[in-house]
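Have the model open as you read.

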Amino acid sequence: MSDIEQKSIDTAAQEVLKKAEAENIQTVWDRLESQQPQCGFGMLGLCCTVCNMGPCRIDPFGEGAQAGVCGANADTIAARNLARKIAAGASAHSDHGRDVAHTLMLLSAGHTHDYEVLDVEKLKTLAVEFGIDINKPKEQITQELAEKLLREFGRQEGELVFTKRAPKKRQQTWQNSGITPRGIDREIVETLHTTNVGVDNDYKNLIKTGLRCALSDGWGGSMLATDVQDIILGSPQPIRGKVNLGVLKENCVNIVVHGHEPILSEMAVKASNDPELVKLAREKGAAGINLAGICCTANEVLMRHGIAVAGNFLQQELAIITGAVEVMMVDVQCIMPALKEVASCFHTKLITTNPKARFPGVEHIEFHPDKAYEVAKQIIKLGIDNFVNRNKERVNIPKQEMDLVAGFTKEIVFQILGGRYRATYRPLNEAIISGRLRGLAGVVGCNNPKQTHDLFHTTLVKELIKKDVLVLQTGCSAIACAKQGLLIPEAAKLYAGRGLQEICEAVGIPPVLHLGSCVDNSRILTAASHIIEEGGLGQDLSDIPAAGCAPEWMSEKAITIGFYFVASGVYTVFGASPFATLGSHNLTDYLTKGLEGVVGARFEFCDDPIKMAELMIAHIDKKRKALNLKPAMYE
Ligand code: BF8
């Protein structure tokens with residue numbers, strides 16, 4: 001394998017990497033190289049910086065210091081570091097949820113006219129869940145719901161309302177283990193408190209706090225973000241789209257949206273079709289305005305509008321290096337600080353929009369929901385004006401683009417499998433019970449330059465569908481598989497086992513379902529709860545023949561997702577390094593074995609995608625056996 005093939009399996013990415021090399025532009029892979037060797041103590045989770053007596057480090061070979069200045073040992077230090085990461089991940093998803101709920105509040109009070117309630121059914125469903133009488137005007141329901149949703153963040157008593165969506169038995173497990181999430185902010189704050197110097201020194205108790213915090217994300221902040229976005233931006237429906245750098249157009253003004261919160265990018269979609277702006281673009285010599293996305297913002301606008309996806313996490317710099325991007329507008333999360341440097345090598349204008357996320361020296365056009373459309377138009381106009389500055393000689397857009405189908409939600413799974421007028425999970429459950437479908441897998445998460453870009457995602461997913469496992473995806477993982485043609489119905493014939501193929505062909509779905517952005521992992525939790533409710537596959541989420549995996553993870557958010565998967569009863573495999581915990585054997589042991597006795601699921605760490613698939617399939621088969629189901633039909 002050449003050096004570039006080791007970096008990415010994506011030939012479009014490879015092409016642009018060659019350009020970067022030729023033009024001497026640094027990318028994430030170069031910076032990873034210049035960081036070698038990375039800190040061994042950090043990798044093992046044995047470096048402590050929580051107080052100013054440190055930084056302290058524990059000798060992993062047992063010869064040097066075995067305690068920090070305060071006396072904290074490897075177990076405490078590694079568990080504290082890990083719990084802090086969980087809190088950071090939960091804060092990111094949940095703060096996103098708060099902003100969306102706040103927009104709902106502004107909308108209900110008439111303080112923004114750029115948004116409206118688009119999914120009235122979902123508004124009512126949520127209102128009922130929150131105990132609101134729905135026999136009143138929509139505006140009043142919206143306002144009461146927004147108030148109640150915002151209260152979930154500061155809730156001091158009781159439990160998060162969405163936890164009631166989980167099967168009774170799961171709720172009982174949470175209660176028995178003392179990990180039922182209370183207020184969203186409360187769990188994050190408490191995790192930060194307990195990881196302070198000299199507070200919680202028991203690694204198992206620290207993990208318990210972390211599990212509760214993660215649940216406040218999965219069944220709180222993220223779930224809230226997903227549902228409220230559906231209410232005000234519309235619930236996704238299966239939709240066709242295109243993916244990879246080839247979606248950038250040489251003859252158009254290319255605007256790339258990147259980040260996570262779709263409230264602004266939704267307006268960018270609208271503004272890119274504004275006749276006045278389209279006319280202006282034509283006057284500047286462009287054929288039109290082409291909007292494309294990177295990372296989870298891309299997934300959001302793809303799911304609702306079929307907007308093209310330029311790439312996943314490791315392609316953000318590459319999109320700019322094509323030389324064809326007029327504006328990259330960013331909001332929050334997963335936006336590399338390096339973008340400023342890369343953009344400065346081209347005419348590309350990098351625009352920050354969120355008051356929480358700025359770059360020194362980068363143009364900031366602040367977004368507020370009360371002037372959303374205005375801001376989106378202003379940014380797109382900047383892109384149009386910038387089109388004339390593009391250096392045509394330096395443009396090199398790879399040809400590669402792939403079709404995909406996205407837009408699967410828990411409601412859509414009901415409809416496509418059960419029929420629109422008899423929406424039910426029965427056919428899905430029956431397919432698993434009969435063994436035509438071996439089980440389900442959630443494959444999610446990021447890219448990480450430590451692994452060959454997209455290799456683990458695609459290898460793992462191909463292995464799973466070959467063995468009749470239906471794969472549910474979100475985030476950058478979904479984009480990785482989409483680029484390799486796994487998210488089109490035709491993929492079933494090419495890659496799926498016979499059982500999965502039969503199902504896909506009968507209902508016309510791909511063998512890999514794209515459920516959205518990373519906050520939309522909450523859709524997997526609710527879909528799984530419906531499966532239990534439908535009957536025949538046990539009483540608890542941990543009974544379902546299902547497994548989760550984040551093969552190329554890098555973000556703290558992925559850790560939090562992993563923790564709420566496991567806390568919800570889903571066996572979860574992590575690729576790359578195991579959250580920097582290996583330095584504590586007790587902690588590693590607890591995560592990979594001990595948790596089973598607490599929440600009925602555990603972690604596995606593995607860095608071979610074929611092995612990951614084997615582990616997940618073995619787990620699925622174990623669960624089938626426990627339910628007394630026949631083995632998979634076409635083994
Ligand atoms: O939230 S998968 S790299 S973009 S963190 Fe980031 Fe990871 Fe992509 Fe979406 Ni999720």
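## Ground rules

A few conventions first: axes are lines fitted to C-alpha atoms, for helices over the stretch in contact, and angles run from 0 to 180 degrees between N-to-C directions. Helices (H or I, at least four residues) and strands (E, at least two) are DSSP runs, numbered from the N terminus.

This is a predicted model, where local features need pLDDT of at least 70 and side-chain atom pairs count only at pLDDT 80 or more, while totals for chains, interfaces and linings use all residues. Residues are numbered from 1 along each chain as its sequence is written, and side-chain values use heavy atoms, with hydrogens and water left out.

## H9 against H10

Start with helix H9 (residues 184–194) and helix H10 (residues 203–233), whose axes come within 9 Å and cross at roughly 155°. H9 and H10 are therefore roughly antiparallel; angles under 35 degrees count as roughly parallel, over 145 as roughly antiparallel, 65 to 115 as roughly perpendicular and the rest as oblique. The crossing of H9 and H10 is left-handed, meaning the near helix is turned anticlockwise from the far one by less than a right angle (clockwise would be right-handed).

Who touches whom? On the H9 side you'll find Ile184, Glu187, Ile188, Glu190, Thr191 and Thr194, and they meet Leu206, Thr209, Arg212, Cys213, Ser216, Gly220, Gly221 and Leu224 in H10; contact means heavy atoms within 4.5 Å. These contact residues of H9 and H10 split into five nonpolar, six polar and three charged. Here Ala, Val, Leu, Ile, Met, Phe, Trp, Tyr, Cys and Pro count as nonpolar, Asp, Glu, Lys and Arg as charged, and the others, Gly among them, as polar.

Helix H12 (residues 275–283) and helix H16 (residues 372–386) have axes that come within 10 Å and cross at roughly 10°. That makes H12 roughly parallel to H16.

Helix H5 (residues 74–108) packs on helix H24 (residues 556–567) at about 95°, with the axes 7 Å apart, so H5 is roughly perpendicular to H24. Among the contact residues are Leu82 and His93 of H5, and Ile559 and Phe563 of H24. The contact of H5 with H24 counts eight nonpolar, three polar and three charged residues.

## The nickel site

Which protein atom donates to the nickel atom of the ligand? The only protein donor is Cys518 (SG), at 2.3 Å; donors are N, O and S atoms within 2.8 Å of the metal (3.2 Å for Na, K and Ca), and water is not among the atoms, so sites may look incomplete. Cys518 sits in the loop between strand E12 (512–514) and helix H23 (521–534).

The four donor atoms around the nickel atom subtend angles of 92 to 162°, which makes the arrangement irregular. Four donors count as tetrahedral if all angles lie between 85 and 135 degrees; four count as square planar and six as octahedral if opposite donors are over 155 degrees apart and all others between 65 and 115; anything else is irregular.

Gln36 and Pro37 are joined by a cis peptide bond, with omega near -10°, and Pro37 is in the loop between helix H3 (28–34) and helix H4 (40–44). The bond between Gly54 and Pro55 is cis too, with omega about 0°.

Cys295, in helix H13 (residues 295–305), has a positive phi of about 60° although it is not a glycine.
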